[in-house]
Amino acid sequence: VEFAAAFDDGTIITRHAMYSYFNATTRGALVTFGSTDAGSLEVARDSGDIIARGNSPGHVGLQVTARRNTSVQGRVDVISNLRTGGVDVDLAGSGGRVTRGLPVAEVSTWI
C-alpha cells in the first residue's frame with residue numbers, strides 16, 4: 001500500500017518520494033495501515049506490506065490512516081482472488097476492470 005503526504009505547513013511528499021527517499025520506519029511513524037478483511041488480505045500495520053491469505057467474496061478495503069489525526073485517511077478497494085496452494089494470485093483494483101461484477105467462484109476441479 002503506497003501513499004503521499006501533505007502537511008499543515010504546505011510541505012508535500014509525493015508517493016514517488018515517499019517510497020524512494022524514506023524508509024519503512026519513517027513511513028510507519030507517519031501512518032498505520034489496515035485491511036477490512038485480514039482473512040483475505042492481511043496488511044502489516046507499520047510497513048503496509050500485504051500478505052495474501054485467501055479469496056475475498058467481495059471488495060477488501062486497504063486503508064492508510066495518519067497516526068496523529070485519525071480523521072485523515074485513505075482507502076482503496078481491491079478484490080483478492082487467491083486459490084491457496086495454486087500458482088497464481090490475482091489482485092484487482094476497483095478502478096481497473098479485470099471483469100465486471102464480483103470475482104468468479106472458485107473452480108473445484110483443476111486440470
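A word on ground rules before the tour. This is a predicted model, so to speak: local features need pLDDT of at least 70, side-chain atom pairs count only at pLDDT 80 or more, and totals for chains, interfaces and linings use all residues. Residues are numbered from 1 along each chain as its sequence is written, and side-chain values use heavy atoms, with hydrogens and water left out.

Let's start with the overall layout. The protein has 2 helices and 8 strands, where helices (H or I, at least four residues) and strands (E, at least two) are DSSP runs numbered from the N terminus. Reading from the N terminus, the order is β-β-α-α-β-β-β-β-β-β. Of the 111 residues, 26% are buried, meaning under 20% relative accessible area with a 1.4 Å probe, protein chains only; exposed is over 50%, and partly exposed is in between.

Now to the core. The largest nonpolar core holds 13 residues, and Phe-3, Phe-33 and Leu-62 have the most contacts inside it. Such a core is a set of buried Ala, Val, Leu, Ile, Met, Phe, Trp, Tyr and Cys residues joined through side-chain atoms within 4.5 Å. Two or more residues each come from α1 (15–21), β3 (31–35), β4 (41–43) and β6 (60–66), with β6 giving the largest share, 3 residues. Leaving aside neighbours within four places in sequence, Phe-3 is in contact (heavy atoms within 4.5 Å) with residues including Met-18, Tyr-19, Phe-33 and Val-64.

Let's stay with β6. In this strand, 6 of 7 residues are buried. β6 runs antiparallel to β3, joined by 5 bridges; two strands pair if DSSP finds at least two bridges between them. Thr-32 counts as buried because its relative accessibility is 11%.

Finally, where is the largest pocket lined? Its lining has 19 residues, and Ala-5, Ala-6, Val-31, Ala-66 and Val-72 lie nearest its centre. β6 shows up again, with the largest share of that lining, 3 residues. By class, the lining has 11 nonpolar, 4 polar and 4 charged residues; Ala, Val, Leu, Ile, Met, Phe, Trp, Tyr, Cys and Pro count as nonpolar, Asp, Glu, Lys and Arg as charged, and the others, Gly among them, as polar. A pocket here is an open set of points on a 1 Å grid over the protein atoms alone, where a 1.4 Å probe fits, with protein on both sides within 12 Å along at least five of seven lines; lining residues have an atom within 4 Å of a point.
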